[in-house]
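Here is a short report for a first look at this structure. Keep the view open as you read.

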Amino acid sequence: MPPLSKKERMNIPRQPMPEQAPLERNKNFLEVNLGLTEELARMEANRCLQCPKPVCIDGCPVGVQIRDFIKLVGEGDFLGAAAKIKEDNALPAVCGRVCPQEEQCEAKCVVGVKHDPVAIGRLERFVSDYEREHVGIRTPKVKPKTGKKVAVIGSGPAGLSCAGDLIQLGHDVTVFEALHEVGGVLIYGIPEFRLPKSIVKAEVDALKTLGVEFQTNAVIGFTDTIDELFENGYSAVFIAVGAGLPYFMNIPGENYNGVYSANEFLTRVNLMKAYKFPEYDTPVFDCKDKNVAVFGGGNTAMDAVRTAKRLGAKNAYIMYRRSEKEMPARLEEVHHAKQEGIEFIFLTNPLAFLGDENGWLHGVKLQKMELGEPDASGRRRPVPIPNSEYITDLDMAVVAIGNGSNPIIQKTTPDLSYNKWGNIIVNEESMKTSKKGVFAGGDIVSGGATVILAMGAGRTAAKAIDIFLTNTEIW
Amino acid sequence: MNKIVSAEFLAADIKRFVIEAPKIAAKRKAGQFVIVRIDEKGERIPLTIADSNKEEGTITIIVQGIGKTTKEINNHVAGDSFLDVVGPLGKPSHIENFGTAISIGGGVGTAIAFPTAVALKEAGNYTIVINGARNKDLVLLEKEINLVADEAYITTDDGSYGYHGFVTQKLQELIDSGRKIDFVLAIGPIPMMRAVANTTRPYGIKTVVSLNPVMVDGTGMCGGCRATVDNKTVFVCVDGPEFDAHLVDFDLLTKRNRTYNKSEKEALDNHLCNLDKAFVEAVTTEPLHQ
C-alpha cells in the first residue's frame with residue numbers, strides 16, 4: 001500500500017472507542033472502555049501526520065515520543081511501539097486510561113486544529129495492553145549498578161515513575177508504602193471500572209522485575225523518620241506521599257452517618273473491595289435504592305458518583321456550586337457519567353446536612369448560586385442567590401472538594417520548608433527541597449492534581465537525584 | 001506477614017497476642033496503635049499496642065472478639081501469622097509527673113490503659129489504678145497491675161469480686177475522700193468514658209480518654225474516624241487517639257460507631273452460619289469408625 005497523503009490522513013475520522021453499553025455498565029464494576037482493536041488502532045495511527053517537529057510531545061509531562069510510537073503502530077509493530085513509549089513512561093497502560101490527553105498531547109495535535117486530534121491516549125493504551133496480553137510486559141535495559149540507594153516515600157504515580165527511572169539509571173530503589181497495597185491513588189482512589197487493578201499490579205510487577213523493592217505497611221515518619229532512612233544507608237529520599245487529608249465543607253451536620261469524604265468512600269470500595277461485601281469484610285453504606293449526592297466537580301467526584309450508581313443508588317447526583325463549564329473533571333468522565341444516568345445539579349451549594357435523632361443523614365439544605373466576577377482561579381465565582389434555599393432528601397453524601405496535605409511527614413520532619421497549606425516547597429527544576437538529599441513531588445508539592453503531572457514530577461526528580469548521587473555538591 | 005509468638009485468652013473472648021513486629025516494637029510509645037489485617041479479604045482493624053519488647057522485637061495486642069473480624073483474629077494461635085500489621089500510628093500519650101494520677105480501665109480497656117499506667121508510674125506519679133469488669137471472670141491483668149500501681153482497685157458490676165459497683169463510684173469515693181487528684185486517664189466502653197468525664201468535670205480534674213472510632217487507613221487519608229472535640233472536627237487517627245475527656249462529644253462518637261452495625265451483624269451471622277455449616281459437614285462426612 002503506498003504511503004497515505006496528508007490529505008488522505010486528514011480525511012480519516014477519529015476512531016471510536018468501543019465501550020460497554022451505559023445501562024449495562026452502570027450495574028457492574030468492569031471497565032467501561034473496551035480498548036481499540038488492531039484494525040481500529042492502525043486506522044487511528046494513520047491519522048497522524050508524522051510532523052517533522054512534533055508539538056504533541058510538548059504537551060506530555062513525561063515527554064513520550066508520541067510521533068515515533070504512533071508510526072510503529074501504523075506499521076503494525078505494536079511491540080516496538082510499546083517499547084518506544086516505555087523509554088519515557090513507566091506506567092503506559094495506566095496513563096493511556098487516566099491522563100487528560102485532551103488538555104495535554106491531544107490539545108497540541110496539529111490534526112486537531114481543523115479535525116478531531118489523533119487519539120494518542122487510546123493508542124498508548126492499545127499498545128501497552130497489546131504487549132501485556134501477548135508477550136507480557138517487557139522491561140527496558142538497566143544501566144550497571146551504581147551502588148547508591150534511594151528511598152521513595154509513597155507508591156502512587158509520582159513515586160512509581162521516579163522509581164522506574166532511578167532503577168534504570170542503575171540505582172537501588174526502595175519504595176515505602178503506608179497502605180497494604182502498592183499503587184497509591186491508582187489503587188485506593190480510581191475505581192476498577194476506569195482503571196482495573198490488575199493493570200496497576202502488572203505495571204508494578206514490571207518495576208519489581210527491574211529490581212525496585214517495595215515495602216508496604218511502612219508509614220515514613222512513624223516506622224522510620226527521613227533522617228533514619230539516611231542513617232540506614234539511603235543517599236537520597238524522594239517524598240511522594242500525595243495530598244491525602246480530605247477537606248470537608250465545615251457545614252452543620254457533616255458528621256452524620258452517611259456523610260463520607262470521597263477518599264473514604266472510594267477507599268472502602270476500591271482498596272477494601274466493599275462492593276464485594278460480605279465476601280470481603282469491609283462494609284460501605286448500602287446505596288441500593290437510595291438517594292446519593294456527591295459534592296464537587298472534579299474527576300474524584302465523577303468516580304464517586306459513578307461508583308454509587310453501580311452500588312445501586314436510585315438517584316445519584318452531582319451537586320456543584322459553579323456551572324458545567326467550570327467543572328475540572330475530564331470531558332470523557334462527565335460524558336460517561338451522564339450516559340450512565342447521573343443527574344447533574346449545577347450552581348447549587350449545600351448549607352447544612354440534616355439528620356435524624358440516631359445521627360443518620362436524611363436530607364440536605366441547598367442554596368442556588370449564580371456566577372459573579374472571576375476569582376483567583378480565573379473561574380467565575382459562585383455567588384448565593386438570596387432566598388433560594390431548599391431541602392432535598394438524601395441518604396448518603398460524598399464530599400469530593402479536594403485534599404489538604406497529610407500532616408505526618410510535616411510533624412516528623414520539621415526541618416523541611418512548607419507553605420501555609422502544608423505543601424512541601426521545592427525548586428521546580430530539580431524538585432529538591434530545603435533539606436539536603438531530600439526531593440519531593442506530586443500532590444504533596446502541587447496540591448491535588450493529576451496522575452500524569454505527578455509522574456512528570458517523579459521523572460524530574462529522578463533526573464536531579466541521579467545528578468545529586470554523582471555530585472552531592474549541587475545543594 | 002507478622003508471626004504470632006504467643007496467644008492466650010485472658011477472659012472469655014478476650015485474647016492477648018504477642019506478635020513479631022521489630023520496627024514497631026523499637027518505636028512505639030504508650031497510647032499508640034497498630035492496624036491489623038488478617039488476610040486478603042480482611043478489614044483493617046485498629047488496636048492499641050498494649051506492650052512491647054524491643055529486645056525480642058515483639059508487640060502485644062489485646063483483642064475482644066465482638067464482630068466477625070475480631071472473632072476471626074481470636075481464632076489465631078501461636079505460630080500463625082497476621083498478613084499486615086502497620087504502625088505505630090497516632091500520637092503517643094502525653095506523660096508527665098502530674099502528681100497523683102488515676103488510670104481507669106473498663107473491660108478490655110483495662111489492658112489498653114495498662115501501658116499508660118506503667119508510663120505514668122515511671123514518670124514519678126503516685127499511680128492509682130481502677131480496673132472495672134462486669135464480673136469476676138472478666139477481670140484482667142490483676143497481678144500485673146498490682147505490681148505497678150501504688151493503689152489498685154477492682155470493681156465488678158455484679159459484686160462478684162472487689163468493689164461492688166462501677167468505676168465511677170470508686171472514683172467518686174476517692175475524690176470525696178479529699179485527696180488531691182491531678183490526672184485521670186479513662187479507657188473503655190464509651191458510656192464508661194463519658195461517665196468518668198462527667199464525674200471529674202465539676203472538680204476540674206484533667207481527664208484524658210482514648211477514642212475508638214471506625215477507621216480505614218489510620219494515617220489521616222480517609223477522614224472516616226472523625227469526631228467532635230471542643231466543637232471542632234478532628235481525625236482521631238492523626239490528631240489522637242487521646243483527647244481531653246471534657247471536650248469530647250461522646251454522643252456523636254456513639255452514633256458514628258453504629259454506622260456499620262447492620263452490615264457487621266450480617267457479616268457475623270453469615271460467618272457463624274458458615275461455621276455451623278462447616279461443623280455439620282465435618283460431622284456428617286466423617287467416616288464412621290467401627
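Which strands of chain A does α14(A) lie across, and at about what angle to β6(A) does it run? The answer is β6 and β14 of chain A, at about 85° to β6(A).

## Ground rules

This is a predicted model, where local features need pLDDT of at least 70, side-chain atom pairs count only at pLDDT 80 or more, and totals for chains, interfaces and linings use all residues. Residues are numbered from 1 along each chain as its sequence is written, chains are lettered from A and ligands numbered from 1 in the order in which they are written, and side-chain values use heavy atoms, with hydrogens and water left out.

Helices (H or I, at least four residues) and strands (E, at least two) are DSSP runs, numbered from the N terminus. Axes are lines fitted to C-alpha atoms, for helices over the stretch in contact, and angles run from 0 to 180 degrees between N-to-C directions.

## The sheet in chain A

Chain A has an open sheet of five strands. Their order is β6-β14-β7-β8-β9, with parallel pairing. Two strands pair if DSSP finds at least two bridges between them. β6 (259–261) and β9 (343–345) stand at the edges, each with a single partner strand, so one side of each has no neighbour in the sheet. From one strand to the next, the twist averages 20°.

## Helix α3 of chain A

Which residues of α3 (residues 38–45) of chain A are buried? They are A:L40, A:A41, A:E44 and A:A45. Buried means under 20% relative accessible area, with exposed over 50% and partly exposed in between (1.4 Å probe, protein chains only). Seen down the axis of α3(A), these residues fall within an arc of 135°, so they line one face of the helix. The arc is that of the directions from the helix axis to the C-beta atoms.

What covers these buried residues includes α1 (6–11), α4 (66–74) and α9 (120–134) of chain A.

## Two helix pairs in chain A

Helix α9(A) also meets α5 (residues 78–86) of chain A. Their axes come within 8 Å and cross at roughly 110°. That makes α5(A) roughly perpendicular to α9(A) (65 to 115 degrees; under 35 counts as roughly parallel, over 145 as roughly antiparallel and the rest as oblique). The crossing is left-handed. The term means that the near helix is turned anticlockwise from the far one by less than a right angle; clockwise gives right-handed. Contact means heavy atoms within 4.5 Å. Among the residues making this contact are A:F78 and A:I85 of α5(A), and A:F126 and A:Y130 of α9(A).

The second pair is α10 (residues 157–168) and α19 (residues 451–470) of chain A. They pack at an angle of about 35°, with their axes 7 Å apart. Here the crossing is right-handed. The contact residues include A:S161 and A:L166 of α10(A), with A:A454, A:G458 and A:I465 of α19(A).

## The sheet in chain B

Now turn to chain B. An open sheet of seven strands has the order β11-β10-β9-β8-β12-β13-β16, with mixed pairing. Its edge strands are β11 (163–164) and β16, each of which pairs on one side only. Five bridges join β8 (residues 100–106) to β12 (residues 183–187), and the two run parallel. B:A101 stands opposite B:F183 in β12(B).

Two helices pack on this sheet. Helix α3 (residues 109–122) of chain B touches β8, β9 (126–133), β12 and β16, and its direction makes about 165° with that of β8(B). Helix α6 (residues 190–200) of chain B touches β8, β12 and β13 (206–210), and its direction makes about 165° with that of β12(B).

## Backbone exceptions

Most residues other than glycine have a negative phi, and most peptide bonds are trans. A:K273 has a positive phi of about 60° although it is not a glycine. A:K273 sits in the loop between α14 (262–270) and β7 (291–295) of chain A, and counts as buried at 17% relative accessibility. A:M431 also has a positive phi of about 60° and is not a glycine. A:M431 lies in the loop between α17 (407–412) and β16 (438–440) of chain A, and is buried too, at 7%.

Chain B has cis peptide bonds. One runs from B:G87 to B:P88, with omega near 0°; B:P88 lies in strand β7 (residues 84–89) of chain B. Another joins B:G240 and B:P241, with omega about 15°. B:P241 is in the loop between α7 (236–239) and β16 (242–244) of chain B.
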